[in-house]
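Please walk through this structure with me, from one residue to the whole chain and then to the ligand.

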Amino acid sequence: MEIITMDQAVSYLNQKVQINAWLTNKRSSGKIAFLQLRDGKTYFQGIVLKEEVGEEVFDTVKGLGQESSLKLIGTVQADERSSLGYELLVHSIEVVGESHEYPITPKEHGTDFLMDHRHLWLRSSRQHAIMQIRNEIIRATYEFFNDRGFVKIDPPILTGSAPEGTTELFQTKYFDEDAYLSQSGQLYMEAAAMALGNVFSFGPTFRAEKSKTRRHLIEFWMMEPEMAFTDHEESLQVQEQYVAYLVRNVIDNCHLALETLGRDIDVLEKYTQVPYPRIEYTEAVQLLKDNGFDDIEWGDDFGSPHETFIANQNDQPVFIINWPRSIKPFYMKVNPDNPETVLCADMIAPEGYGEIIGGSQRIDDYETLAENIKSFKLDPEVYAWYLDLRKYGSVPHSGFGLGLERAVAWISGIEHIRETSPFPRLLNRLYP
Ligand code: 4AD
Ligand code: MG
């Protein structure tokens, strides 16, 4: 007998198969039991008829606890009422592992309780849907960049440098030296771009940010392309095409997951249209002032209310471009049209999800970069290798970083970033 998962049901209609699954819920009357099952791929219904399986098996079924693991033999049937379209008419059941008093029941639980049981919460249909969308975004990311000839490069996680400022670093001992967990692979990716042209990384990054917002994780995954012989304008085009591609693939390949989450596909469709609108930082500040934000001045960073207001002007992601150099990192190239600003952009997602991409053109001139390293009070010895890149055949180059979990939260339409990571690292939470 073939062992299948229920997502393959279409190829096994009216055939006898084995499915290995867990019981999520059940209801029964005198002669018939309805089992809600999950096989890792999908959630589906199993029908057990007393006259089919016999008294003994039927009684066993009635006594099964939530999350019992089972080997089921049955016939795949069409079922128009389920969103899957199929159910299993069960002929026999073997209990593999019993389960009693499973802590997460179909009733409502508080967030803290669910977070304490994250190892079990992952089994629920909503979490399952989010993990599938996360997986699709990862898959589509590799596809997008591989199709365009980018080479995947893995920058180190233990580093001696701090690209995004020195206040949010996890420090650890590295034998006799101090090391930090990577905040961003960017500086290493710049070296790789000079070797391989177009490269991308995709790996964990760490920020010791004492932020407890719905957008911040302590550990998150970042996707960082870096492109040689590429200016910021070209990088913006890659960014919008890439994000539109992610949304397109989630729409096309994650129907059931989006349905489980109640995500409106028409809203998502708008995000597949490029180009995305752009606004200069300076114009954005003016727009905010004109609309009653008296807490913002030119030179300030934006908080989430500011980002959300700007994002709400459109129903697509928006680029805020050319930020003041005083609030951006040391490696960004000055904007020749307005030297108080740098050639950079934040991509702000609609619907209040905030910044999902930060990117810029990098300084390619040795003297300018050396001066910045000094004026930012960074240790020149630590950055000597990074300066070397400007010494031997320097070229204009640009890149960006997309935060995977923020993208997942936005595309899935879920409220809080903590549900986008299988085991989120949050302020004050390291368990489980
Ligand atoms: O804007 P950031 O700090 O940019 C960089 O690190 C650049 N070095 C990237 C590059 O040019 N190669 O971070 C990039 C993205 C943000 O837009 C956001 O999506 C995500 O990383 N991010 C976070 N996501 C979750 N939790 C946090 N604490 C995050 N901090 C940044
Ligand atoms: Mg940023």
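Leaving aside its neighbours within four places in sequence, which residues is Thr 205 in contact with? Contact means heavy atoms within 4.5 Å. The residues are Ser 182, Gln 183, Ser 184, Ile 218, Glu 219, Phe 220 and Met 222. Thr 205 itself sits in strand S10, residues 198-206. Strands here are DSSP runs of E with at least two residues, helices are runs of H or I with at least four, and both are numbered from the N terminus. Thr 205 is buried, at a relative accessible area of 2%. Buried means under 20% relative accessible area, exposed over 50%, and partly exposed in between, with a 1.4 Å probe and protein chains only.

This is a predicted model, in which local features need pLDDT of at least 70, side-chain atom pairs count only at pLDDT 80 or more, and totals for chains, interfaces and linings use all residues. Residues are numbered from 1 along each chain as its sequence is written, chains are lettered from A and ligands numbered from 1 in the order in which they are written, and side-chain values use heavy atoms, with hydrogens and water left out.

Now the whole chain. The protein chain has 14 helices and 16 strands. Of its 432 residues, 50% are buried. Its C-alpha atoms fill a box of roughly 85 × 55 × 40 Å along the principal axes. Among contacts with a separation of 6 or more, 66% join residues 24 or more positions apart.

Helix H7 covers residues 232-253. Its 22 residues should span 32 Å at 1.5 Å a residue, and the end C-alpha atoms are 31 Å apart, which agrees. The expected span is 1.5 Å times one less than the number of residues. At the start of H7, a side-chain oxygen of Asp 231 comes within 3.2 Å of the backbone nitrogen of Glu 233.

Next, ligand 1. There are 23 residues around it, and Glu 164, Gln 186, Arg 207, Glu 224 and Glu 355 come nearest. A residue counts as near if one of its heavy atoms lies within 4 Å. A side-chain N or O atom of Glu 224 is 2.7 Å from a nitrogen atom of ligand 1. A backbone N or O atom of Phe 400 lies 3.4 Å from a ligand nitrogen. Taken alone, ligand 1 exposes 630 Å², and the protein buries 94% of that. These areas come from the Shrake-Rupley method with a 1.4 Å probe; for residues, only the protein chains shown count as cover. Strands S11 (219-228), S15 (354-361) and S16 (397-403) each give two or more residues to the shell.

Note on methods. Polar contact = N/O pair within 3.5 Å; in protein donor to acceptor, adjacent residues only side chain to side chain.
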